[in-house]
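Here is a short note for a colleague who is opening this structure for the first time. Please keep the sequence and the 3D view side by side while reading.

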Amino acid sequence: MDARHVRRPGDGWLHCACGREHWGLHGAAGLLLARTVATDGGAPRVEVVLQHRAVWSHHGGTWGIPGGAIAPDETPTEGALREAQEEAGIEPADVVVRSTHVLDHGTWAYTTVLATLRPGAPGAVREADDESLEVRWVPVDEVTALPLLPAFADAWPQLRAEIEAG
């Protein structure tokens, strides 16, 4: 079996108190990585890394952030950084963690780790495994034009405000 398909501790569906099933027996986490880039003659533009999810995945074909199940020995931040490296080729050393945003259902939680690209880091991202159709930097003004993962769409206005606040 290819290493990309190996199940890890923490992988699995959890029946949540909210009445739905969620991925991650110990919760899940994702990395919302932002950077500011110069534009031709205009104001700097903020961009975030988004992942176009493989069609076979839960809510396949939608866009969200790289992430997944947290292992039993990981913090949500460690899990988000690991998942971002596995799925999008983001090097943890290139990331400066700024804050976290937690959606807590009591029996299950999803942690969005908000981060910026470390100054001088190359910022290269790629489809690093078969969970992604595409991974790319997206200007924050263009995020809602994409078909978003429903939970990410719900959280995006608050996450965007936090990113733009610095």
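1. **Ground rules.** This is a predicted model, so local features need pLDDT of at least 70, side-chain atom pairs count only at pLDDT 80 or more, and totals for chains, interfaces and linings use all residues. Residues are numbered from 1 along each chain as its sequence is written, and side-chain values use heavy atoms, with hydrogens and water left out.

2. **Overall make-up.** The protein has 2 helices and 9 strands. Helices (H or I, at least four residues) and strands (E, at least two) are DSSP runs, numbered from the N terminus. Read from the N terminus, the order is β-β-β-β-β-β-α-β-β-β-α.

3. **Burial and surface.** Of the 166 residues in the protein, 45% are buried. Buried means under 20% relative accessible area, exposed means over 50%, and partly exposed lies in between (1.4 Å probe, protein chains only). The accessible surface comes to about 8,600 Å², and carbon and sulfur atoms hold 53% of that surface. These areas come from the Shrake-Rupley method with a 1.4 Å probe; for residues, only the protein chains shown count as cover.

4. **Contacts across the sequence.** Take the contacts in the protein with a separation of 6 or more. Residues 24 or more positions apart account for 60% of them. A contact means heavy atoms within 4.5 Å.

5. **Strand β8 and its partners.** Which strands pair with β8? β7 does, in the antiparallel sense, over 9 bridges. β3 does too: it runs parallel to β8, and 7 bridges join them. Two strands pair if DSSP finds at least two bridges between them. V95 has L117 in β8 as its bridge partner, and A29 stands opposite T111 in β8. The hairpin of β7 and β8 has 4 residues between the strands, and G106 there takes a positive phi near 85 degrees.

6. **A115, in strand β8.** Leaving out residues up to four places away in sequence, A115 touches L31, L32, L33, A34, V95, V96, V97 and R98.

7. T112 sits in strand β8. T112 is buried, since its relative accessible area is 6%. Apart from residues up to four places away in sequence, T112 touches G30, L32, I65, S99, T100, H101 and L159.

8. **R98, in strand β7.** R98 belongs to β7. R98 counts as exposed because its relative accessibility is 53%. Beyond its neighbours within four places in sequence, R98 is in contact with L114, A115 and T116. R98 and V113 are 15 residues apart along the chain, and their C-alpha atoms are separated by 7.7 Å. As background, side chains in a regular strand alternate between the two faces of the sheet.

9. **H52 and T62.** H52 is in strand β4. H52 counts as buried, at 18% relative accessibility. With neighbours within four places left aside, H52 is in contact with G61, T62, W63, E131, S132, L133 and E134. H52 and S132 are 80 residues apart in sequence, yet 5.6 Å apart in space, C-alpha to C-alpha. T62 is in the loop between β4 (45-53) and β5 (63-64). T62 counts as buried too, at 13% relative accessibility. Residues up to four places away aside, T62 touches Q51, H52, R53, P147, L148 and L149.

10. **The second largest pocket.** What is the volume of the second largest pocket? About 200 Å³. A pocket is an open set of points on a 1 Å grid over the protein atoms alone, where a 1.4 Å probe fits, with protein on both sides within 12 Å along at least five of seven lines; lining residues have an atom within 4 Å of a point. Grid points are joined across faces, edges and corners, and a volume is the space filled by probe spheres set on the points.

11. **Its lining.** The second largest pocket is lined by 13 residues, and A34, T116, E162, I163 and G166 lie nearest its centre. β3 (28-37), β7 (95-104), β8 (109-117) and α2 (150-165) are the elements that give two or more residues to this lining. By class, the lining has 5 nonpolar, 4 polar and 4 charged residues. Ala, Val, Leu, Ile, Met, Phe, Trp, Tyr, Cys and Pro count as nonpolar, Asp, Glu, Lys and Arg as charged, and the others, Gly among them, as polar.
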